[in-house]
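Reader: Could you walk me through this structure, one question at a time?

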Amino acid sequence: TLIRQHSAGKTKLSNIAVLVRAGYQTRSFEEAFMQNSIPYRVIGGLKFYERLEIKQVISYIRLITNQDDSLAFERIVNTPRRGIGNTALQYMHQISQESGCSLHKAAEIAIQDSIVKGKAKEALKLFLSEINIAKDEISSGISHWQVVEQILERSGYLEMWRSEDTN
C-alpha cells in the first residue's frame, strides 16, 4: 500500500526500492507485486521463481499432476543424478518423436522394450515408480504438501540439497 500511495503521488516507481537482507525474503514481496500488478525487478539475485531449485520442485509437481508434461520430465529425470544419461534421454526423445507421445510414455516404452538397459533402466523404473506413487498418494487424499515433501525425500532431492556445499 505504501508503494501504491507513493506512486499515485509524484514518486516514480523507479525511485522506490525494497531492501532485503537475504534472497529468500524476496518471495513475499514478489508475490505482492505480481498480485497488485506493480512492475518490479530484482537486483543482485534471481527472482524467486527463476531459481533452479524452485523450477525443479515445480517440475516435480507438474509431472505428478500431468505425466504428459515432457518439459517437466526432462528437467527432473536425472535430478538428483540417478544414472539416466544423455544416451537414455536421446532414446526417449526418439521414441517420443516417432510415437507422438510424451517423454514419460517414451520412458515406459524404453523400459518395456529394453531399449534402455542396465543402471539407466533400473534408475528410470525407480523414477517412474516415484512419480506414480506420488500420483496415487494425491488420489488417496494425502495433502499435496505432504506428497511433494515425500517425493522430494524419496527421490533424494532433499538430501542432494542438504549435502551440497553452500559455503
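This is a predicted model: local features need pLDDT of at least 70, side-chain atom pairs count only at pLDDT 80 or more; totals for chains, interfaces and linings use all residues.

Author: Residues are numbered from 1 along each chain as its sequence is written, and side-chain values use heavy atoms, with hydrogens and water left out.

Reader: How are H5 and H6 oriented to each other: roughly parallel or roughly perpendicular?

Author: Helices here are DSSP runs (H or I, at least four residues), numbered from the N terminus. H5 spans residues 86-99 and H6 residues 103-112, and they pack at an angle of about 110° with axes 8 Å apart; the axes are lines fitted to C-alpha atoms over the stretch in contact, and angles run from 0 to 180 degrees between N-to-C directions. Angles from 65 to 115 degrees count as roughly perpendicular. H5 and H6 are therefore roughly perpendicular.

Reader: How many of the residues in the contact of H5 with H6 are nonpolar?

Author: Contact means heavy atoms within 4.5 Å. From H5 come Met92, His93, Ile95, Ser96 and Ser99, which meet Leu103, Ala106, Ala107, Ile109 and Ala110 of H6. Ala, Val, Leu, Ile, Met, Phe, Trp, Tyr, Cys and Pro count as nonpolar, Asp, Glu, Lys and Arg as charged, and the others, Gly among them, as polar. In this contact no residue is charged, three are polar, and the nonpolar ones number seven.

Reader: Why can H6 be called largely enclosed by the rest of the structure?

Author: A residue is buried when its relative accessible area is under 20%, exposed over 50% and partly exposed in between (1.4 Å probe, protein chains only). In H6 the buried residues are Leu103, His104, Ala106, Ala107, Ile109, Ala110 and Ile111, and what covers them includes H4, H5 and H7. H6 is largely enclosed because its buried residues are seven of 10.

Reader: Is Ser155 buried or exposed?

Author: Ser155 sits in the loop between H8 and helix H9 (157-163). Beyond its neighbours within four places in sequence, Ser155 is in contact with Tyr60, Pro80, Arg82 and Glu130. Its relative accessibility is 9%, so Ser155 counts as buried.

Reader: What kind of peptide bond joins Thr79 and Pro80?

Author: Pro80 belongs to the loop between H4 and H5. Omega for the bond from Thr79 to Pro80 is about 0°, and the bond is cis.

Reader: What is the relative accessible area of Ser114?

Author: Ser114 lies in the loop between H6 and H7. Its phi is near 55°, a positive value in a residue other than glycine. Ser114 is partly exposed, because its relative accessible area is 31%.

Methods:
Helices (H or I, at least four residues) and strands (E, at least two) are DSSP runs, numbered from the N terminus. Angles under 35 degrees count as roughly parallel, over 145 as roughly antiparallel, 65 to 115 as roughly perpendicular and the rest as oblique.
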